Amino acid sequence: MTALTLLPENAVVETHGDLKTTSLKVAEAFGKRHDNVLRTLDKLDCSPEFNALNFEAVDYIDQKGQFRKAYQMTKDGFMFLVMGFTGKKAAAIKEAYITAFNQMAEQLRSSLPILPPTQALPVPHNYLPNFYDSGWLPALYRRCQSETHWTYHIKFNVRPKGGKFCATFELGIGGKGNTQPNFSSSGAQFVDSNFYLEYRDLEELWEYIGKVLSKYGAQCPYNVHSK
């Protein structure tokens, strides 16, 4: 067993070029109630500057479909939070988290885009990007069809991961006509079981990206050609 097996899936993810974990993942890793982790976060005695740089309040959708509060945090924020988590098991989980942050950082440094972002361009398999950020795309969130008042958005990124390729998604909701959402799910594994994809074949990954986007009423920026 390696240290990383102590962590839940996707404990550390890339968000807009920064590596983050969430209070939900920390609670799961350390076997704590999420509300207790939130209380610890609210009581952290750090400077406003450090707090602003390393912690961000976000919303996620729970299993009942309700929006709940959580926090995204950087590696520095995570280390500040878990200073008070003691014990042999806690020490092992801290080490695993640090390893995960470092490995993800090295992976991002070694990964370069194949293609710049393009809108709705049909491409053959060998030109599909393995490193891609979509930005917010217009969508329709089928759970809430208040189309006269709200605009729905979806975005995703593609990254290489340990010999495979993965994609993560995020939902956002904003006022009618807005191009950016007012708030988002920020960690879409909490929204839909299809919101984290991982495949060895890049074309297969993009094919399923198209299916997820279609489910949420959004257009895939790449139409995969058949081999």
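**The cores**

Tutor: Gladly. Of the 27 residues in the largest nonpolar core, the ones touching the most other members are Leu7, Val26, Phe30, Leu41, Phe78, Leu81 and Tyr97. The elements giving two or more residues to this core are α1 (23-30), α2 (34-42), β4 (67-73), α4 (75-81) and α5 (88-110). The largest share, seven residues, comes from α5. This is a predicted model, in which local features need pLDDT of at least 70 and side-chain atom pairs count only at pLDDT 80 or more, while totals for chains, interfaces and linings use all residues. Residues are numbered from 1 along each chain as its sequence is written, and side-chain values use heavy atoms, with hydrogens and water left out.

Student: What makes a set of residues a nonpolar core?

Tutor: The members must be buried Ala, Val, Leu, Ile, Met, Phe, Trp, Tyr or Cys residues, joined through side-chain atoms within 4.5 Å. Buried means under 20% relative accessible area, exposed means over 50%, and partly exposed lies in between (1.4 Å probe, protein chains only). In soluble globular proteins, nonpolar side chains tend to be buried together.

Student: Which residues does Leu7 touch, leaving aside those up to four places away in sequence?

Tutor: Leu7 touches Ala29, Ile93, Ala96, Tyr97 and Ala100; a contact means heavy atoms within 4.5 Å. There is also a second, separate core of 22 residues, which includes Tyr132, Leu137, Leu205 and Leu213.

**Helices and strands**

Student: How many helices and strands are there?

Tutor: The protein has six helices and twelve strands. Both are DSSP runs numbered from the N terminus: helices are H or I with at least four residues, and strands are E with at least two.

Student: How do you know that the length of helix α6 fits its number of residues?

Tutor: The expected span is 1.5 Å times one less than the number of residues. Helix α6 (residues 202-215) has 14 residues and should therefore span 20 Å, and its end C-alpha atoms are 20 Å apart, which agrees. At the start of α6, a side-chain oxygen of Asp201 comes to within 3.1 Å of the backbone nitrogen of Glu203. Among the buried residues of α6 are Leu202, Glu203, Leu205 and Trp206. Gly217 follows α6 and has a positive phi, near 70°.

Student: Why is α1 called mostly covered?

Tutor: Seven of the eight residues of α1 are buried. They are Ser23, Leu24, Lys25, Val26, Ala27, Ala29 and Phe30. After α1 comes Gly31, with a positive phi near 65°.

Student: What makes β3 and β4 a pair of strands?

Tutor: Two strands pair if DSSP finds at least two bridges between them. Strand β3 (residues 55-61) is joined to β4 by seven bridges, and the two run antiparallel. Phe55 has Met73 of β4 as its bridge partner, and Tyr60 has Arg68 of β4. The two strands form a hairpin with five residues between them, and Gly65 in the turn has a positive phi of about 80°.

Student: How many bridges link β2 to β4?

Tutor: Strand β2 (residues 18-22) and β4 pair in the antiparallel sense over two bridges. Thr21 stands opposite Met73 in β4.

**Single residues**

Student: Why is Thr40 called partly exposed?

Tutor: Thr40 is partly exposed because its relative accessible area is 30%, a value between the two cut-offs for buried and exposed. Thr40 lies in helix α2. Thr40 and Leu81 are 41 residues apart in sequence, and their C-alpha atoms are 7.6 Å apart in space.

Student: Is Asn10 buried or exposed?

Tutor: Asn10 has 13% relative accessibility, so Asn10 counts as buried. Asn10 sits in the segment before β1 (13-15). Its phi is near 60°, a positive value in a residue other than glycine. Most residues other than glycine have a negative phi.

Student: And what makes Val224 partly exposed?

Tutor: Val224 is partly exposed because its relative accessible area is 26%. Val224 belongs to strand β12 (residues 222-224). The C-alpha atoms of Val224 and Glu203 are separated by 6.9 Å, with the two residues 21 apart along the chain.

Student: Finally, how much of the protein counts as buried?

Tutor: Of its 227 residues, 47% count as buried. Among contacts between residues at least 6 apart in sequence, 60% join residues at least 24 apart.

Notes:
Polar contact = N/O pair within 3.5 Å; in protein donor to acceptor, adjacent residues only side chain to side chain.
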